[in-house]
Amino acid sequence: MLTLADVDRKATEYPIEVVDNAFQSGVTLITHEVESSSGIAYADFGWDISNIAYDDIPLIFLLGQLMKEAGTTKLTDVELRQLIGMNTGGVFVSTEFLGVWPEGADDHIVTSGNNFRTMMFIKGKCTSDKSMELFDIMRQILLESNLDSKDKVITFLKENLSDLESSVPSSGHSYAARRIRSHYSPLGFVGEKTSGVMSISSKKVLLKQANEDWPSLLERLVRMRQIMLSGGRDGMILNLSGDNRVLTTIQDSVMNFLQNQLPAVSDPPPPPLPDFSVVDHPWVAPIRAEMEQYAPIGDEGIVVSTQVSYIGEGGLMYDYGEKVPGSTEVITKYLKTGYLWETVRVKNGAYGAFAAMSTTIGLFLMVSYRDPNFLKTLEAYGGAADSLFEDASTSLADNNGPALTKAIIGAIGDMDGSAISTRGLGWASLERWLSGQSAAMRQNFRDEVLATTAEDFTEFASRLNNWKYISTASITSQSGLEEAATGGMNLNVVSVG
């Protein structure tokens, strides 16, 4: 049996080198040198999109799809796919929303939630001898993508709506959790607005506009791209991962891309990119106004055609400025694999139950998967604190005992995960850098995980008994709503579309 002595006490750090204004381009170049990448170079080119109007957020996913799949002004969609296939191991476009820690933070302190980064990325990989071709493809996607593609936009929207409407009844736990998170932070609300239940109605509006008034929708897309490309070079990042030989081989291609293939800097140049670790993101004010209207804290029911339910409950356990210790990682996993599994899954018949803690906003939530119950599951959530109190005084009372050791090692296993790929390493390291998460913060959190005691379980249980601003969100059927009503719950029914 493993003991704590077998666990590596040092937090895993990934190689990273950051060069501002690389090759006098104004772009930040970030490299991650690994021992071997088998001749493959991994590249992620990103740019800040905080200057996009908040009202255009629902269009971001559509712009990304067009950039990748609609061809360019010179290449059809088929020709672009063939070019990508001949020269790379794949190219795709993604959008990233990432919370930012205060500068100098060494612990997980609950933040206001107003500080975050919003970026789009073109990601690709290739053999080192094809790097010039990869960067030229990235240039074409960035600058020359064919946005005037009405038929493709309509197809994209119909497919996306179909996927959303089918996944809500089948993966309702993720939608319930996303809905709960939307009540507590701007970033959580953006996640709901762009990919949650709320996004269905906005995509239907876009589909109607595409069918009935394509010129105005095209104008919005073109304006979005123009605004994005008019941002300063200080909001651009080129993230590279590979071994020394690969990174050396592609250096000329990197220099050419940064110096010659990016949008020209406007005259006069745009204002400097704000430091989002200290400055609120420009979307925060309109987000918080919408949160009051569309995501008030309370009990919600999202009715779909389903024979099971997905019951979620969440609330704040830590206040702004409070430290969220690493022990919460151990206790959250302990609840998920212990009490919630035994009660919600084994005893009450759901297919699964989950728990999660957000250290940035102090939010704890529990959610069930394919659940035949409604009120019984909420009752089980209500018993979680008592279960922790009992275990802390019995099976977990010995701080050197097997039960607590097993819980700690399990949490460490989740944190460390399995062997990471070169792409995964480079991306994880970039996210750490973007979020301002320091090595000291990671080490302190790991030390606290390893030092978890029965007293931490008791303290967590006390907080859970007194958590604040509690809300529920449930993906359920009409009969589920009726069951909730018999228990005295007055659910706010949220429309799907």
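This is a short tour of one predicted model, stop by stop.

The model is predicted, so local features need pLDDT of at least 70 and side-chain atom pairs count only at pLDDT 80 or more, while totals for chains, interfaces and linings use all residues. Residues are numbered from 1 along each chain as its sequence is written, and side-chain values use heavy atoms, with hydrogens and water left out.

**Stop 1: strand β3**

Select residues 40–48, which form strand β3. Strands here are DSSP runs of E with at least two residues, helices are runs of H or I with at least four, and both are numbered from the N terminus. Eight of the nine residues in β3 are buried; buried means under 20% relative accessible area, exposed over 50%, and partly exposed in between (1.4 Å probe, protein chains only).

Strands pair if DSSP finds at least two bridges between them. Ala-43 has Gly-124 in β5 as its bridge partner. Next, show β6, residues 236–243: this strand is also antiparallel to β3, with six bridges. Here Tyr-42 stands opposite Ser-241.

**Stop 2: aromatic rings**

The whole structure holds ten aromatic pairs. Rings of Phe, Tyr and Trp (its six-membered ring) pair if their centres lie within 6.5 Å; planes under 30 degrees apart are stacked, over 60 edge-to-face, and the rest tilted. Select Phe-97 and Trp-283, an edge-to-face pair with 6.2 Å between centres and 80 degrees between planes. Phe-97 belongs to strand β4 (91–99), whereas Trp-283 lies in the loop between α10 (251–260) and α11 (284–294), 186 residues apart. Phe-97 is partly exposed at 24% relative accessibility, and Trp-283 is buried at 2%.

Then select Phe-45, Trp-47, Phe-135 and Phe-257, which ring pairs link into a cluster.

**Stop 3: charges over rings**

Show Lys-123 and Trp-427: the charged end of Lys-123 sits over the Trp-427 ring, 3.5 Å from its centre. This requires NZ of Lys or CZ of Arg within 6 Å of the ring centre and within 35 degrees of the ring normal. At Arg-178, the charged end sits over the ring of Tyr-175, 5.2 Å from its centre.

**Stop 4: helix α17**

Finish at Trp-433, in helix α17 (residues 422–435). Trp-433 is partly exposed, with a relative accessible area of 34%.
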